[in-house]
Structures are given as C-alpha cells and as structure tokens.
Amino acid sequence: MRESGNSRAAAPGAVRNGRATPLADAWQSLLRHKAALCGAAILAVIAAMAVFSPWLAPYDPSQQIPWEARRAPLTLFDSGRWVLLGTDHLGRDLLSRIVYASRVTLIVSFTAVVISGFIGLIVGVAAGYLGRWVDAVCMRLVDIFLAFPFELLALSIVAVTGPSLSVVVAVIALRVWVVYARVVRSATLAVKEKDFVQAAVAVGASELRVVLVHVLPNVLSPAIVIATLYVGRVILIESALSFLGVGVPASTPTWGGILGDGRSYIDTAWWIAFFPGLAILVTVLGVNLLGDWVRDYLDPRIQT
Amino acid sequence: MLKYIAGRCLQALVVLFGITAICFAILHLTGDPAALMLPESAVQEDYQEIKSRMGFDRPMVEQFAQYMANAARLDFGSSYLQHRPAMAIVLDRLPATFELALVAFMLALIVALPVGILSATHRNTPVDYAAMSTALVGQSMPNFWLGLMLILIFSLGLDLLPTSGRLAYGIESRAATEFYFFEGLLRLDWVLFSDALKHILLPAMTAGLYSSARLTRLVRSSMLDVLSEDYVRTARAKGLSEWVVVNVHALKNASIPLVTMAGIELGLLLGGTVVTETVFAWPGIGLLTIQALQNDDFPIIQSAVFLLAFIFVGVNLVVDLMYAWLDPRIRYA
C-alpha cells in the first residue's frame, strides 16, 4: 500500500505488531485526499439526514396545506410557518420532504448494491474458477443482461408487478450484478494461477476450501471498488425510476419523485424540481469523490 | 476470419434467444399473462378469447415455443388501444429515437474530443483540473434534472429554444422522411434544418450528458497512454509541430479504444432516452413506452424492449466485426 510508512509514523496509536492496522492506514490515506474527505463529509451529512429525519425536518413532510401551495423559498406564512425551500404543489414543505426522501435513496441504493454484489461475486467466482461450460453460460448470461435497454426493462417489469420498494431493488440488482460478475471473473482468473492457490490444491484442499479461503478474499477488493463506484450510479437509476413514476410508490417521498412532481410546475414553481435534483447531484458527487479514492487506494489498475 | 464471423454471429443469436426468453419470463411473472394483454375494461369473453388465441391455456413448454416463433416474426400481439400490431407502432417511433441518440452521440464526441485532448496535453494544470471536475459533476448529475434546468433557462427564461416536440407546426410537410435533422442537413433545407436543430439541441444535450462525461475521461486516459509512446517522441524529435504530433500521430492511435466504446455508447443512448423523451415530450420509443405503461398497453412495452435489445446486439455485432477487420490480432486470438 502506498505511503504506508508515513501513516505508521503518523499514527503511533494504531501500530500493532509493528504494522499499521488496515483501517488506520486507510484513514490516514483518506485524510491526505481532500476531495475524498469532502465526499465523505457530504455522505456523512446525508446519512445523518436519513437517520435523524424526524428531528431535522421542520414540518411533517406529508402535511398538505392547499392554500400555501407553490410558494417560493424563504416564504413566511401568516400562520408562522417559515419555509426555507418553499412548498410543493400541495403545500407540503419541500425541505422536510427532501430530508425524508434521503432515507429511500440510501436504503434502495445500499441494498441494491449489496444484493447485486452478492450475486455478482458468486457468478464471477464460479465462472472464473470452474471455467469451461460454466464460464460460457455465465458470460452469455452477462451479455444478455447487458443488451437490455435498462429503463425499458424496468418499465416492463413494473408494468407486470406494479411499483414497490422490493421491485425497484430487484430491477436495479438485475442490471448491476453483471458489472460485478465481469470484474470478479477476471480477478478470479488471475488469482487462480497464483502459487498459493496451486499449493493449496496440491496439498489436497477441497475445491470449496480453496474457493472460500484462498480465492474469495483476494477478489473482494475489486468487488468493493465496483460497489463504491456504483452506489452513485444506482442512486441516479433509482431517481430516474422514481421520476418516471415506476420507482417506489408515490406515497413515499423520493428525490426523483419530488422532481417528477415539480416537472409540471417548472414554469411557475422552479424550486420544486430544482432542490431535489441538487440533493441528488450533491449526494452522487460525494459518492463519486469517495469512490475514486477507494479505487486508487485498493487497486489503481481497475478501470471502469 | 469466416470462423470468427460465424462464431460471433452464433453468440449474438444465443443472446437474442436469451433476451426473448427473459421477455417471456417477465410476461409470466404474475402467472396471468392474459390479464396483462387486456385493458381493465375487458370482459370475460375477451379474456377467454385472448387466452386461447395466445395459447395461455396450453402447457408452458408449448407456450414458450409459440412465443419464440412469434418473436422470430417480431409479433408481440396487437396494441389494444390502436388495434395495430404493437411492433409496427414501435417501429414508427424508431426514427425519432434514433435521430435523438445519434445527435446526442455526435454532441458527446464534439465535447469529449477537444476537452479530453486538451486535458491530456495539459495534464495536472488548471485546464485539466477544470475539465475533469466538470466531467465528474456531469457524471453525478441526474440528466432529467439537467433537462428541466435547460428548459428553465433556455426555453422559459431566455425564450431561445422550444420546450418540446421535434418541429414547429407546419414545418413537417417539408420533410420526406422522419429524420428531420439529418434530412435538413443533407438536402441543405435551411428552414427544416434550423428548426429541427432548435428542437433537438436541448434533448440531445440531456441524453448525451453521461456519454460526454465518460468519453471525455476515456479520451484523456487513452491520449495519456499514447503520448508517452516512443513513436510520439520520434515524431517530436523529427521536429513536427506539437499540433501535428498530438492531433495526427497520437490521436490516431488513441482512438482505438474509442471505437470500441462508440458502439456501446450508441447502444446505451438508444436504450436510454426514456427519461429525455419524457422531459421534452420527444415522440420516440421511450415516450411511447411510458404512455403504454400508463394505459397498460403491454404488447407495446414488450415490443419496445425486444426491439431495442435487438438493435443493441446488432450494433455491437457490427462493431466487433469491424474491429476484427481493422485489427487482425483479434480474429486469431
């Protein structure tokens, strides 16, 4: 790892048995990368927003006050209600809705990335390690899923099942596992030829043991890199699905959903569309800034 | 070479078969495909009729074979709203989507090539940082939001460009094809061309956002790879001007990965215009599909998914074959 010598000197408390712990080393590296630190800070704020929404949101996000609809940001109503980001077409407080919407975004994107990572790891390791027809079948499967126009595939599935949180996660996972599978497969192919794997096979370790103990830990870091780089894309996908009205059911506020509402009022109330979009932009930017650092830190060779 | 072409075509066929199988699986996801094929208002007789006509009462294996046979004839049933074959309706909208994707792609290249090259030749200078930061922000931006903001600024605010549609009223009669922009360009019909351009500019920027960000980064990184090669040094040593070295010697070789990506990007653009078409009421396949979803017009959705997947496979096949023809190492590998 780069500059691990520096970090050892810089963090004496983290030294165990003469080596910096991986976490302390990562932390030191993160502190040196301003952009990544910014990304981490942004994500921390968003995560706090999601966890503490009931305390942070000034008003009830679903409370409709029709006579206070579509008011500009910084409006003070006679009732004493003051709205920082304005109100939407039903008079709901936009800020409160955006704060609450962070929850769906984080839950959906995190779950989708983890589930697809799990599928992709299994398929990728199986394809790379077993080779032959397993590899051929898995890779054709990857080709098939890559060929689908994603948004249309999502539309056609939602048309059958109706929109729900689990469908959104499943639809996104259907697309993203492919990326993991490809990267993990090529990593497995490389690891398979390494001496320590050959040695394990030679001393009679079972195939399962070789895969679990020797191969899997060594293909995890490219999978983690893909995960961090794809969280941002998954947030964009989730938002797009909500924007199109085929994401999480409209009763739950989502950034994409609020933006979709605001689309019809773009000429009279630009803020309804503007602020949720800004929230998406800032969040994804945070993820990407952090993701770039994770990639450089874990494996500078991986290109996406 | 023949063996390579045959193998690659066979692969494409397998993928197409898989795509059709998944379309079939989606149709049967709820267990009652006949209900999906019918509008809410359908009566029991309609239900029975479609069930027997589409064969939904027969064994699953038989149904699958029938579905495959129908798919081979591009038959996914009739739109219940328009009472025409669904695929014909989708094909009618293809030119609009195709033109949007192509112009978006051209726009992405117009941005990515100069910016990427400049970024690579001015590595680690403010120019490079600015370009890469912009690309990063571009990749982080929801494109439907960009579309709405463009409408807000250029259409509603400055009143420069129209908010929706492909042509102004009355211009359509000037065009013989559905490819308004390219027809205007090729026939040098200024009225048609300028109007089509005005309408397509904002949608193309919206649809091409991610492609331009990705391609800019790609151009930069492949230029950086090439600029450190010996033949670039030789070209410089010969006393060639820096402009010739960069834009002739280096760019030619840096464009190889670009060609590979071009096929994928174009395919992504074709399948990825749903959001853009929704924002700008662009009458393409994406908008058609969204409207079909609202009307539960399922045959149209299936036809659209199948057609665009089919095109994606086709475009990639052509790119791969072209690539093998350009670079002999691939066909013997």
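A residue is called buried here if 20 or more other C-beta atoms lie within 10 Å of its own. By that test, 40% of the 333 residues of chain B are buried in this predicted model. For chain A, the buried share is 46% of 304 residues.

The two chains were described one at a time. Chain A contains 12 helices and four strands. Its C-alpha trace extends over about 80 × 55 × 25 Å along the principal axes. Chain B has 16 helices and zero strands. A box of roughly 80 × 55 × 40 Å, taken along the principal axes, holds the C-alpha atoms of chain B.

Contacts within each chain were then sorted by sequence separation. In chain A, contacts with a separation of 6 or more were considered, and 69% of them link residues 24 or more positions apart. In chain B, the contacts considered join residues at least 6 apart in sequence, and 68% of these connect residues at least 24 apart.

The chains also touch each other. The contact involves 35 residues of chain A and 38 residues of chain B. On the chain A side, five helices each supply at least two residues: helix 6 (132-147), helix 7 (150-161), helix 10 (207-244), helix 11 (255-263) and helix 12 (270-298). Helix 7 of chain A contributes the most, with 10 residues. By residue class, the side of chain A that touches chain B comprises 24 nonpolar, six polar and five charged residues.

Technical notes. Residues are numbered from 1 along each chain as its sequence is written. Chains are lettered from A and ligands numbered from 1 in the order in which they are written. This is a predicted model: local features need pLDDT of at least 70, side-chain atom pairs count only at pLDDT 80 or more; totals for chains, interfaces and linings use all residues. Two residues are in contact if their C-beta atoms, placed from the backbone, lie within 7 Å. Ala, Val, Leu, Ile, Met, Phe, Trp, Tyr, Cys and Pro count as nonpolar, Asp, Glu, Lys and Arg as charged, and the others, Gly among them, as polar. A residue is buried if 20 or more other C-beta atoms lie within 10 Å of its own, exposed if 12 or fewer, and partly exposed in between; C-beta atoms are placed from the backbone.
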